[in-house]
Amino acid sequence: MPEYKTDREIEVMREAGRIVGEVLDLMGQNIAPGVTTAELDRIAEEFIRSCGAEPAFKGYRVGGNTFPASICASIEDVVVHGIPSERKLVEGQIISIDVGTIKGGYCGDGARTFAVGDVDESRQKLMKVTIQALQAGIDKAVAGNRLGDLSSSVQQVVEQNGFSVVRDMVGHGIGRKMHEDPQVHNFGTAGTGPVLKKGLVIAIEPMVNAGGYKINFKPDGWTTVTADGLPSAHFEHTVAITDNGPDILTLV
Ligand code: MG
């Protein structure tokens, strides 16, 4: 069952979300050829802790697996949940950074895909379309709409542009826990699903593949890659449904 947040709780979540936005800005300032994703992780963790917050992903457990870092760093064909490492970024790649924070008992969650130096037109288009798909979803995060309205508009933007949305990974409700009900699919049918109500807070996060939608999971238990090896982009905001329309909590 989804939990509906009070206005006061949403203000606490805005603080966790603002830190997420600041970390992503900081990542953008530091991403360059030759930088390792482990360095980016150290920068992110230090900043999060300096804000009196906790990195939500570090120590996050799924089954018997524990995520070891404060950010997910997903390069090129890695869709999400890439583990930071000593691998150096290379000019022309794209890298998705996903970050979660906990402040005052509430979570924030956001992601952006960045270009490493100059990237080709196809990668630029992939990133642009993923932003447009996220915005289309946010635009439907309105009380009285159904969740399927949001999911189907994300899917439409992606597929009209010749790309595909990942099926096996979804967005989610968020609050005291990083992952709450409902699941927020990036594909679906308008007019179906639960009605969105004031106080629901969701992480909307299209994962968009340049090629087919199929993904594979790596043996480390976290890293997911596109099955066809083509690049993937990921943008995410934490969004509250209010009486005044969608309220993006992960803005700086
Ligand atoms: Mg998320």
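**Entry 1, ground rules.** I am working with a predicted model, in which local features need pLDDT of at least 70 and side-chain atom pairs count only at pLDDT 80 or more, while totals for chains, interfaces and linings use all residues. I number residues from 1 along each chain as its sequence is written, and my side-chain values use heavy atoms, with hydrogens and water left out.

I looked up what holds the magnesium ion and found Asp109 (OD), His172 (NE2), Glu205 (OE) and Glu236 (OE), at 2.1 to 2.3 Å. Donors here are N, O and S atoms within 2.8 Å of the metal (3.2 Å for Na, K and Ca), and I keep in mind that sites may look incomplete because water is not among the atoms. Along the chain, these donors of the magnesium ion are spaced as D-x62-H-x32-E-x30-E. I placed His172 in strand β9 (residues 171–173) and Glu205 in the loop between β11 (201–204) and β12 (207–209), so this pair ties together parts that are 33 residues apart in sequence. For element names I follow DSSP runs numbered from the N terminus, with helices (H or I) of at least four residues and strands (E) of at least two. Both His172 and Glu205 are buried, where buried means under 20% relative accessible area, exposed over 50%, and partly exposed in between (1.4 Å probe, protein chains only).

I then turned to the largest pocket, which holds about 580 Å³ of space. A pocket is an open set of points on a 1 Å grid over the protein atoms alone, where a 1.4 Å probe fits, with protein on both sides within 12 Å along at least five of seven lines, and lining residues have an atom within 4 Å of a point. The volume is the space filled by probe spheres set on the points, which are joined across faces, edges and corners. The lining has 28 residues, and the closest to the pocket centre are Tyr60, Val62, His81, Met169 and His179. By class I noted twelve nonpolar, nine polar and seven charged residues in the lining of the largest pocket, counting Ala, Val, Leu, Ile, Met, Phe, Trp, Tyr, Cys and Pro as nonpolar, Asp, Glu, Lys and Arg as charged, and the others, Gly among them, as polar.

The volume of the second largest pocket is about 180 Å³. Among its 16 lining residues, I found Ile131, Leu134, Phe235, Glu236 and His237 to be the closest to its centre; Glu236 also coordinates the magnesium ion. At least two lining residues come from each of α1 (7–30), β7 (106–115) and α3 (121–139), and the largest share, four residues, comes from α3. Ten nonpolar, four polar and two charged residues make up the lining of this second largest pocket.

I checked the bond between Asp181 and Pro182 and found a cis peptide, with omega about 0°; Pro182 sits in strand β10. Glu76, although not a glycine, has a positive phi of about 55°, and I find this residue in the loop between β4 (71–75) and β5 (78–80), buried at a relative accessible area of 15%. His81, another residue other than glycine, has a positive phi near 65°; His81 lies in the loop between β5 and β6 and is partly exposed, with a relative accessible area of 24%.

Ser96, in strand β6 (residues 94–103), is buried, with a relative accessible area of 2%. Its side chain makes a polar contact with the side chain of Thr113 at 2.8 Å, a polar contact being a pair of N or O atoms within 3.5 Å; within protein, one must be able to donate a hydrogen and the other to accept it, and residues adjacent in sequence count only if both atoms are side-chain atoms. Leaving aside neighbours within four places in sequence, I list among the contacts of Ser96 (heavy atoms within 4.5 Å) Cys72, Arg112 and His234. Ser151, in helix α4, is buried as well, at 4%, and its side chain reaches the backbone oxygen of His185 at 2.7 Å.
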